[in-house]
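Subject: Structure handover

Hello,

My notes on it follow below.

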Amino acid sequence: MLTNENAVKVIQETIESLKRSGIISSKISFTENDSKFNATGVTWIMNPYDEMALTRALELTEQYTGTVTTITVGLADSDAVIRKALAVGANDAVRVNAAALDAFQVATEISNYIKTESYD
């Protein structure tokens, strides 16, 4: 059973992964014989599910105690998502400077970072 006393121990340092999503109404196109996505002109936002998870993590840290750090795997064009997370209330943010090629690579990058830190 999770009591308030246990929750304080559990929710000391939380890390929340974020990814960006294109706005559905953005016009998209492809290059290289329609085989490569052209990101030019796409408006990027924080993935709505990640935003809900971040909001919940912040609610828990307000209710109990602790900090919330967000982590994003991406290049400098991901910084708008990071700034939004900080504006919403995240205590800290980390960007692993690597192109997010596929889910396995992103998970590996996040795992490698978390192994060097002390998150609960």
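Gln-105 sits in helix α4, which spans residues 103–115. The model is a predicted one. Gln-105 has a relative accessible area of 16%. The cut-off for buried is under 20%, so Gln-105 counts as buried. Leaving aside residues up to four places away in sequence, Gln-105 touches Val-73, Ala-98, Ala-99 and Ala-100.

Strand β6 covers residues 67–74. Seven of its eight residues are buried, so the strand is mostly covered. β6 pairs with β7 in the parallel sense, over six bridges. Within that pairing, Thr-72 stands opposite Arg-95 of β7. Together with α3, the two strands β6 and β7 make a β-α-β unit, and the unit is right-handed.

Now the charged pairs. Side chains of opposite charge can pair when their charged atoms come close. The structure holds three salt bridges.

- Asp-79 with Arg-95: the closest N and O atoms are 2.8 Å apart. This pair links distant parts of the chain, with Asp-79 in helix α3 and Arg-95 in strand β7 (residues 92–97), 16 residues apart. Asp-79 is partly exposed at 23% relative accessibility. Arg-95 is also partly exposed, with a relative accessible area of 30%.
- Glu-51 with Lys-84: the side chains meet at 3.1 Å, N to O. Glu-51 belongs to helix α2 (residues 48–63) and Lys-84 to helix α3 (residues 79–88), so the bridge ties together parts 33 residues apart in sequence. Glu-51 is partly exposed, at 26% relative accessible area. Lys-84 is partly exposed as well, at 37%.
- Glu-59 with Arg-56: the side chains meet at 3.2 Å, N to O. Both residues lie in helix α2, three residues apart, and are separated by about one helical turn. Glu-59 is partly exposed at 38% relative accessibility. Arg-56 is partly exposed too, with a relative accessible area of 42%.

Which residues form a nonpolar patch on the surface? They are Ile-28, Phe-30 and Phe-37, and together they have about 290 Å² of accessible area. Ile-28 lies in the loop between β2 (20–22) and β3 (29–31). Its relative accessible area is 48%, so Ile-28 counts as partly exposed.

Last, the chain as a whole. The protein chain has four helices and seven strands. From the N terminus on, the elements run α-β-β-β-β-β-α-β-α-β-α. Of the 120 residues in the protein chain, 27% are buried. The accessible surface of the protein chain comes to about 7,900 Å². Carbon and sulfur atoms account for 54% of that surface. For contacts between residues at least 6 apart in sequence, 59% join residues at least 24 apart.

Best wishes

Notes. Residues are numbered from 1 along each chain as its sequence is written. This is a predicted model: local features need pLDDT of at least 70, side-chain atom pairs count only at pLDDT 80 or more; totals for chains, interfaces and linings use all residues. Side-chain values use heavy atoms; hydrogens and water are left out. A salt bridge is a side-chain nitrogen of Lys or Arg within 4 Å of a carboxyl oxygen of Asp or Glu. Buried means under 20% relative accessible area, exposed over 50%, partly exposed in between (1.4 Å probe, protein chains only). Patches are made of residues with over 30% relative accessible area and no salt bridge: like charges are joined within 9 Å, nonpolar side chains (Val, Leu, Ile, Met, Phe, Trp, Tyr) within 5 Å. Accessible areas come from the Shrake-Rupley method with a 1.4 Å probe; for residues, only the protein chains shown count as cover. Contact means heavy atoms within 4.5 Å. Two strands pair if DSSP finds at least two bridges between them. A crossover is right-handed if, with the strands pointing away from the viewer, the path from the first strand over the helix to the second runs clockwise.
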